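This briefing is meant to be read with the sequence and the model side by side. Please locate each residue as it is named.

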Amino acid sequence: NVHTGGYAAPTGADPDFRTTFGTALAGQTGLTGYPSGTVNRHVFSGTATASSRSVWTANSTTILGQSSYANVALEGSLDVATRALTVNTEVYITGTAPSSLKLNVALLQNNLAGPQTGGATYNPTQINSAGDYIHGHMLRHLITGQWGDTITTTSTGTLISRTYTYTIPADLNGIPFNLGDLELAAFIAEGNQEIITGANG
């Protein structure tokens, strides 16, 4: 979940959930309003990957029915004392793939309380006793950079193993990184666009 755009700009004492990655991610989607989402950065109709929540389920079902030419797995370990995160990833090419792919590793955070327009209407179970919306799977950092780490050996049967390290800071924009609420996601993309497969943990 990427917080970006005008609605993500904090007012008053609101928390700032934005990252340095959000503007570029939103910019590639062709979105015309919020909330918008993409399913694997795939274009289902027209030229934009962004779609409204009314079609997210149907689009997800379509994607889940498609085969993938790659498998991805990841495992993270954290030294709580030093806040050093190590992420081991593996990509296995099972079919015909483009000559270049991008491996992306994202750091996400759960249980972040804050405002959410329409939250009580569309997802009331996420409202806590104080009236705040509890955000989940929120993008906090892209460990492999804005568009990922390039893979150039993509022949069938290739296994790619890569390890990434990141020292988790105390906070981002004043919002603490609660180590117990963090999760990881990894995905393979064709360039900066179509996502082929992913995993989280």
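Arginine 18 counts as partly exposed, because its relative accessibility is 32%, which lies between the 20% limit for buried and the 50% limit for exposed. In this predicted model, the side chain of arginine 18 meets that of aspartate 16 in a salt bridge. The structure holds two salt bridges, and the points below begin with them.

**Salt bridges**

- Side chains of opposite charge can pair when their charged atoms come close.
- Between arginine 18 and aspartate 16, the N to O distance is 2.8 Å.

**A buried arginine without a salt bridge**

- Arginine 140 is located in strand β6, which covers residues 138–142.
- Although arginine 140 is buried, it has no salt bridge.
- The side chain of arginine 140 does make a polar contact, at 3.1 Å, with the side chain of glutamine 109.
- When neighbours within four places in sequence are set aside, the residues in contact with arginine 140 include Phe17, Thr19, Leu107, Leu108 and Gln109.
- Further along the chain, the contacts of arginine 140 include Leu172, Ile175, Pro176 and Phe177.

**Backbone features in loops**

- Tyrosine 34 and proline 35 are joined by a cis peptide bond, with omega at about -5°.
- Proline 35 is found in the loop between α1 (22–27) and α2 (56–64).
- Arginine 41 is also placed in the loop between α1 and α2.
- The phi angle of arginine 41 is near 55°, a positive value in a residue other than glycine.
- With a relative accessibility of 8%, arginine 41 counts as buried.
- Asparagine 173, which is not a glycine either, has a positive phi of about 55°.
- Asparagine 173 is placed in the loop between β9 (171–172) and β10 (175–176), and it counts as partly exposed at 42% relative accessibility.

- Threonine 86 lies in strand β2, made up of residues 84–93.
- Its relative accessible area is 26%, so threonine 86 is partly exposed.
- Which residues does threonine 86 contact, leaving aside its neighbours within four places in sequence? They are Glu75, Gly76, Ser77, Thr163, Tyr164 and Thr165.
- Threonine 86 and proline 35 are 51 residues apart along the chain, and their C-alpha atoms are separated by 33 Å.

Key. Residues numbered from 1 in each chain as written. Predicted model: local features only at pLDDT ≥ 70, side-chain atom pairs only at ≥ 80, totals over all residues. Heavy atoms only, no water. Salt bridge = Lys/Arg side-chain N within 4 Å of Asp/Glu carboxyl O. Buried < 20%, exposed > 50% of the residue type's maximum accessible area, 1.4 Å probe, protein only. Helix = DSSP H or I, 4+ residues; strand = E, 2+ residues; numbered from the N terminus. Contact = heavy atoms within 4.5 Å. Lys, Arg positive; Asp, Glu negative; His and termini not counted. Polar contact = N/O pair within 3.5 Å; in protein donor to acceptor, adjacent residues only side chain to side chain.
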